[in-house]
Amino acid sequence: MLKNKTALVTGSTSGIGLGIAKSLARQGANIVLNGFGDVEAAQAEIAALGVQVLYHGADMSKPEEIEAMMAAAAARFGRVDVLVNNAGIQHVAPVEEFPLARWDSIIAINLSSAFHTTRLALPAMKAANWGRIINVASAHGLVASAQKAAYVAAKHGVVGLTKVVALETATTGVTCNAICPGWVLTPLVQKQLDDKAAAQGISNEEATQQLLREKEPSLQFTTPEELGELAVFFCSPAGNNVRGVAWAMDGGWTAQ
Ligand code: NAD
């Protein structure tokens with residue numbers, strides 16, 4: 001379905017971003033990978049699916065590096081057809097103790113980076129009259145949790161940005177939508193589990209059960225593969241008129 005198209009997924013060396021990149025690659029899209037950590041392993045996983053891969057190590061907190069990444073993607077593949085804004089970080093602290101530098105970096109990486117990639121990708125998408133912008137928000141884009149001020153503010157912001165871009169592209173072949181996952185067992189959540197287990201002196205298994213029971217009625221994690229298939233749906237012809245939604249895949253979290 002996405003043969004001869006290019007998908008750029010921010011923060012795609014791990015977790016949800018890698019899962020979405022793999023689902024899009026299975027549909028034939030060439031992939032622009034981004035993120036830190038085990039870059040070579042992520043590149044190899046994508047290349048094994050028979051598509052071309054370009055890695056760019058832009059730091060999503062830096063607008064000038066984002067511009068360089070978008071330019072590199074256009075130079076290699078012509079344009080970005082599918083943009084997935086996924087890079088994100090977390091920090092947990094009460095609002096009056098929230099470290100200023102963490103606030104700034106969460107807003108920059110989880111929210112402002114999506115503004116920058118979107119404004120840079122849109123002209124070519126509009127010229128081609130086809131494009132998909134998929135913003136990985138969160139259940140925390142729809143409801144709040146204590147101690148996550150920056151993350152919840154950024155994710156609500158992403159949902160708002162999604163709606164504005166959907167309206168501004170509504171008469172074109174470009175769509176913009178958000179995905180709102182509940183808990184997904186990635187390094188980002190594993191750290192929260194480890195902290196919870198250590199703070200309460202409980203096992204990782206007990207911490208996992210507690211975490212799920214607190215928020216997610218299904219008592220199950222959503223998987224990167226499931227989220228990847230939702231991204232594929234947004235890219236399909238059936239998604240042509242799906243515009244500005246914040247689509248929860250959260251085991252019932254936000255239905256409560
Ligand atoms: P993860 O830690 O596994 O992956 C995060 C990715 O972002 C990695 O590739 C990392 O290298 C990259 N990244 C981090 N900082 C970056 C920066 N400054 N510049 C470029 N890349 C950077 O986390 P994940 O759980 O897969 O999270 C991916 C997205 O999904 C995030 O936006 C997160 O908020 C969102 N999300 C996660 C969950 C969950 O339960 N895991 C739930 C809802 C939403």
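Select V189 first: leaving aside residues up to four places away in sequence, V189 touches W183, V184, L211 and F221. The model is a predicted one. Show the cartoon around this residue and you will see that V189 belongs to helix α6, residues 187-200. Is V189 buried or exposed? With a relative accessible area of 4%, V189 is buried, because the limit for that class is under 20%.

**Helix α1**

Next, select residues 15-26, which form helix α1. This helix has twelve residues, and from its first C-alpha to its last it reaches 17 Å, close to the 16 Å expected at 1.5 Å a residue. Colour the helix by accessibility: α1 is mostly covered, with ten of its twelve residues buried. Which residues of α1 are buried? They are I16, G17, L18, G19, I20, A21, K22, S23, L24 and A25. Then move on to G28, which follows α1 and has a positive phi, near 100 degrees.

**The ligand**

- D59: a polar side-chain atom lies 2.9 Å from a nitrogen atom of the ligand.
- N86: a polar backbone atom is 2.7 Å from an oxygen atom of the ligand.

The ligand taken alone exposes 840 Å², and the protein buries 93% of that.

**Salt bridges**

Side chains of opposite charge can pair when their charged atoms come close. How many salt bridges does the structure hold? The structure holds six; among them are the pairs E45 with K22, D195 with K191 and K196 with E214.

Return to α1 and select K22 together with E45. These two form a salt bridge, with their closest N and O atoms 2.5 Å apart. E45 lies in helix α2 (residues 39-47) and K22 in helix α1, so the pair ties together parts that are 23 residues apart in sequence. K22 counts as buried at 19% relative accessibility, whereas E45 is partly exposed, with a relative accessible area of 33%.

Go back to α6 and select D195 and K191. Their side chains meet in a salt bridge, 3.0 Å from N to O. Both residues lie in helix α6, four residues apart, which is about one turn of the helix. D195 counts as partly exposed at 41% relative accessibility, and K191 counts as exposed at 52%.

For the last stop, select K196 and E214. The side chains of K196 and E214 meet in a salt bridge at 2.9 Å, N to O. Why does this pair tie together parts that are 18 residues apart in sequence? Because K196 lies in helix α6 and E214 in helix α7, residues 204-215. K196 counts as buried, at 16% relative accessibility, while E214 counts as partly exposed, at 47%.

How values were computed: Residues numbered from 1 in each chain as written. Predicted model: local features only at pLDDT ≥ 70, side-chain atom pairs only at ≥ 80, totals over all residues. Heavy atoms only, no water. Helix = DSSP H or I, 4+ residues; strand = E, 2+ residues; numbered from the N terminus. Buried < 20%, exposed > 50% of the residue type's maximum accessible area, 1.4 Å probe, protein only. Contact = heavy atoms within 4.5 Å. Expected span 1.5 Å × (residues − 1). Polar contact = N/O pair within 3.5 Å; in protein donor to acceptor, adjacent residues only side chain to side chain. Areas by Shrake-Rupley, 256 points an atom, 1.4 Å probe, with all protein chains shown as cover. Salt bridge = Lys/Arg side-chain N within 4 Å of Asp/Glu carboxyl O.
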